[in-house]
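Reader: Hello! I am new to this structure, and I would like to be walked through it. Could we take it one question at a time?

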Amino acid sequence: MSRVPAFLSAAEVEEHLCSSSLLIPPLETALANFSSGPEGGVMQPVRTVVPVTKHRGYLGVMPAYSAAEDALTTKLVTFYEDRGITSVVPSHQATVLLFEPSNGTLLAVMDGNVITAKRTAAVSAIATKFLKPPSSEVLCILGAGVQAYSHYEIFTEQFSFKEVRIWNRTKENAEKFADTVQGEVRVCSSVQEAVAGADVIITVTLATEPILFGEWVKPGAHINAVGASRPDWRELDDELMKEAVLYVDSQEAALKESGDVLLSGAEIFAELGEVIKGVKPAHCEKTTVFKSLGMAVEDTVAAKLIYDSWSSGK
């Protein structure tokens with residue numbers, strides 16, 4: 001008799017992944033394993049993206065296996081360009097499927113939106129830990145969507161900033177963000193105002209053209225570039241991309257999927273996993289960019305942690 005898979009809602013995923021900080025140690029290991037090649041035990045192709053041209057949408061398929069966790073997953077994620085501002089349907093929707101690696105049985109179907117938000121923010125926090133300036137007092141977030149909230153949560157847990165600023169194309173959403181989160185957040189009227197003198201900048205926007213320009217960025221600042229996940233989309237201008245030391249989660253993915261990397265012609269210095277392993281230096285004394293595209297193994301790590309927590313409480 002076949003086993004009925006567990007179905008974990010967004011609330012249940014949130015319950016068993018109550019803090020993104022829980023993800024930091026296993027994700028550091030996974031990133032290092034990924035950058036170790038086949039001997040690291042991470043099997044993960046670059047995501048497959050299917051355009052839904054008629055409706056300006058995309059379906060992404062992201063499978064991965066991690067030997068360290070002995071975990072096998074795939075994430076199905078849809079993205080529709082015209083959603084998220086006026087529509088009640090979010091622009092991104094995701095589901096993660098967790099399988100039993102020994103026989104292929106489907107163990108669980110999980111809401112993938114919470115997983116995506118929390119694991120992405122955790123990876124940005126890992127990059128920031130290694131790459132931020134030694135004395136970082138000002139955090140700036142560009143964008144006020146789901147990723148802004150998840151990044152704010154873990155960044156205020158992991159780091160001590162004297163000032164946090166936010167900018168969003170729709171100022172009302174930035175003001176809502178500032179009113180919703182715990183702690184004081186300054187709402188800025190322009191990107192230039194928001195980033196002036198900032199030590200750490202997070203870009204989590206739906207921009208398709210550059211919104212952040214190198215001339216505005218403080219020398220030695222660290223930028224986590226999380227939006228612009230298509231080869232023809234940008235958040236950062238050429239000057240910033242070329243003058244900063246560029247780190248990525250996956251070099252193969254960045255050279256296929258990142259418009260910021262491809263269209264600027266910027267040279268990738270290292271994968272984040274190589275920094276974690278100690279085989280490439282973290283140039284925290286220089287201006288640095290971490291281009292985050294998100295990897296399937298990150299979903300695998302999160303899904304396994306959630307499922308183990310859920311199973312232990314049954």
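Predicted model: local features only at pLDDT ≥ 70, side-chain atom pairs only at ≥ 80, totals over all residues.

Reader: Which residues make up domain 1 and domain 2?

Author: The domain assignment takes residues 130-294 as domain 2. Domain 1 is given in two pieces, which are 4-113 + 295-311.

Reader: How much area do domain 1 and domain 2 bury between them?

Author: The centres of domain 1 and domain 2, taken over C-alpha atoms, are 22 Å apart. Across the boundary, 23 residues of domain 1 are in contact with 22 residues of domain 2. Of the area buried between domain 1 and domain 2, 57% is on carbon and sulfur atoms, and the total is about 1,900 Å².

Reader: Which three residues supply more than any other three of the area that domain 1 buries against domain 2?

Author: Look on the domain 1 side of this boundary for a trio that supplies 27% of the area buried against domain 2. These residues are Ser35, Val46 and Arg47.

Reader: Which strands does E11 pair with?

Author: On one hand, strand E8 (residues 138-142) pairs with E11 in the parallel sense over four bridges, and Leu139 has Val200 as its bridge partner there. On the other hand, strand E12 (residues 222-225) also pairs with E11 in the parallel sense over four bridges, with Ile223 as the bridge partner of Ile201. The strands asked for are E8 and E12.

Reader: In E15, which residue is the bridge partner of Ile223?

Author: E12 and strand E15 (residues 288-291) run parallel and are joined by four bridges. In E15, the bridge partner of Ile223 is Val289.

Reader: Are the faces of strand E11 covered or uncovered?

Author: On one side of strand E11 (residues 200-203), Val200 and Ile202 are buried.

Reader: How far is the sulfur of Cys188 from the closest cysteine sulfur?

Author: Cys188 is buried, with a relative accessible area of 2%, and Cys140 is buried at 0%. A disulfide needs a pair of cysteine sulfur atoms within 2.5 Å, and by this rule the count is zero. The sulfur of Cys188 is too far for a bond because the closest cysteine sulfur, in Cys140, lies at a distance of 6.6 Å.

Reader: What separates the C-alpha atoms of Ala148 and Thr203?

Author: Ala148 lies in helix H4 (residues 146-158) and is buried, at 0% relative accessibility. Ala148 touches Ile141, Gly143, Phe177 and Val204, leaving aside residues up to four places away in sequence. Although Ala148 and Thr203 are 55 residues apart along the chain, their C-alpha atoms are separated by 8.5 Å.

Reader: Is Ser21 buried or exposed?

Author: Ser21 sits in the loop between helix H1 (10-16) and helix H2 (24-34). Not counting residues up to four places away in sequence, Ser21 touches Ile154, Glu157 and Gln158. Its relative accessible area is 19%, so Ser21 counts as buried.

Reader: What phi does Asp70 have?

Author: Asp70 is in the loop between strand E4 (57-66) and strand E5 (71-80), and at 39% relative accessibility Asp70 is partly exposed. Asp70 is not a glycine, yet its phi is positive, at about 50 degrees.

Reader: Is Ala228 buried or exposed?

Author: Ala228 is in the loop between E12 and helix H7 (238-243). Its phi is positive, near 50 degrees, in a residue other than glycine. With a relative accessibility of 3%, Ala228 counts as buried.

Reader: What distance does helix H11 reach from its first C-alpha to its last?

Author: Helix H11 (residues 296-312) has 17 residues, and its buried residues include Ala296, Val301 and Tyr307. At 1.5 Å a residue, 24 Å is expected, and the reach of H11 is close to that, at 24 Å.

Notes: Residues numbered from 1 in each chain as written. Heavy atoms only, no water. Helix = DSSP H or I, 4+ residues; strand = E, 2+ residues; numbered from the N terminus. Buried < 20%, exposed > 50% of the residue type's maximum accessible area, 1.4 Å probe, protein only. Contact = heavy atoms within 4.5 Å. Pairing = 2+ DSSP bridges. Expected span 1.5 Å × (residues − 1). Domains from an automatic or database assignment. Buried area = accessible area lost by both parts, 1.4 Å probe.
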